[in-house]
Structure formats: structure tokens, C-alpha cells
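Reader: Could you walk me through this one, starting with what the words you use stand for?

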Amino acid sequence: MAIQRRMNLTIEQVFPAGAFIVGAVEPVQDWEQAPLPDGTRPQKIDKETGLPTWTVPVLDPDPEAGKNEKTVNVKIVAKHQPVPPTNDTGLPFVPVEFTGLVGVPWIDDSGNRPKLQWSLTATGMDAPSARKPATGGAAASTKAA
């Protein structure tokens, strides 16, 4: 049986307690390319789509997430810099749902013991749908990787 390296995921699988943007959407720097004349790094281009890659830090409010798993970076492949949804909640963080979410497993061997990690990539982001709460907490239905 051949297991796909890239796994299509739903927002509910990855963030069952919700997801909240906690920082700016920024370009991913390509460390495999030489620096530009001004000393900055070029933006990473997704090999499959040919589109620029962006990253955004996301808070996972799932009470079962470990302390080192509370904030994850989600990459977004898009022609233009993605704009976070409007925050109408009054909360300091922006509730978000990701579309086209894909997970790629990798081994983090930088610590005392190797562990499985997931690189998350999406094709877009939107305000949470009406079918689930946007406030996180015990009543919410989304979680982080």
C-alpha cells in the first residue's frame, strides 16, 4: 500500500477547538536561494503550484495541546498576500478557518528524542463558518496540530 506523503485535512481535524491568527501574514524566505542585492532573501515559491508562500502564526486553544503545540505556523500558497478575515469578536485574536489544508509529516530530531511534526499548508483563509463557535474554549469544535 502506498501512503501519500501529503495528506488532505479538514479544519476540524487539525483545529477542533478553533484557530486564531496571532500575528502578521508574512512572506516565507527562501534560504536555498542567494540573497537579493539589498541583502534580503527572496520569497519561497511553492514547487507544486508555482505560487509565492506566506506564513501566519496560529493559536490552537485546544486544552489538550501541549505547551509547545499552542502556536503553529500555517503556510499559505497564494498569488497575493492573504488578508486575514475581519475580527468582529472583540477578542485580541482573529478567528480563522483555512481552506485547502494539507499536512506533511516530518521528523524533528533537534531535541533529546526525535518526534513527529506536521507542516501545514493551505490555499486560503476565511472567517469561521456559522456551523461552529468562533470563540474556542470548551464549547468550540476545532484544534491545532
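Author: A residue is called buried when its relative accessible area is under 20%, exposed when that area is over 50%, and partly exposed in between, with a 1.4 Å probe and protein chains only. This is a predicted model, in which local features need pLDDT of at least 70 and side-chain atom pairs count only at pLDDT 80 or more, while totals for chains, interfaces and linings use all residues. Residues are numbered from 1 along each chain as its sequence is written, and side-chain values use heavy atoms, with hydrogens and water left out.

Reader: Okay, is T121 buried or exposed?

Author: T121 counts as buried, because its relative accessible area is 15%.

Reader: And where does T121 sit, and what is it in contact with?

Author: T121 belongs to strand β9, residues 115-122, where strands (E, at least two residues) and helices (H or I, at least four) are DSSP runs numbered from the N terminus. Taking contact to mean heavy atoms within 4.5 Å, and setting aside neighbours within four places in sequence, T121 touches K75, V77, G100, L101 and V102.

Reader: Which residues stand opposite T121 in the pairing?

Author: K75 stands opposite T121 on one pairing, and V102 stands opposite T121 on another. Two strands are said to pair if DSSP finds at least two bridges between them; β5 and β9 do this in the parallel sense over 3 bridges, whereas β8 and β9 are antiparallel with 7 bridges. A hairpin of 6 residues also links β8 to β9.

Reader: How many helices and strands does the protein have?

Author: There are 1 helix and 10 strands, and from the N terminus the order is β-α-β-β-β-β-β-β-β-β-β. Of the 145 residues, 34% are buried, and among contacts with a separation of 6 or more, 65% are between residues 24 or more positions apart.

Reader: Changing topic, how many salt bridges turn up in the whole structure?

Author: The search finds 1 salt bridge, the term meaning a side-chain nitrogen of Lys or Arg within 4 Å of a carboxyl oxygen of Asp or Glu. R6 forms it with E48, and their closest N and O atoms are 3.4 Å apart. R6 lies in the segment before β1 and E48 in the loop between β3 (26-27) and β4, so the pair ties together parts that are 42 residues apart in sequence.

Reader: Are those two buried or exposed?

Author: R6 is partly exposed, because its relative accessible area is 36%, while E48 counts as exposed at 59%.

Reader: Last one, what does pLDDT look like over residues 131-145?

Author: pLDDT is the predictor's confidence in each residue, from 0 to 100, and over residues 131-145 it stays under 50, although the model has 51 contacts beyond four places in sequence for them. Where pLDDT is low, the predicted coordinates should not be read in detail. The protein averages a pLDDT of 86, with 87% of the residues scoring at least 70.
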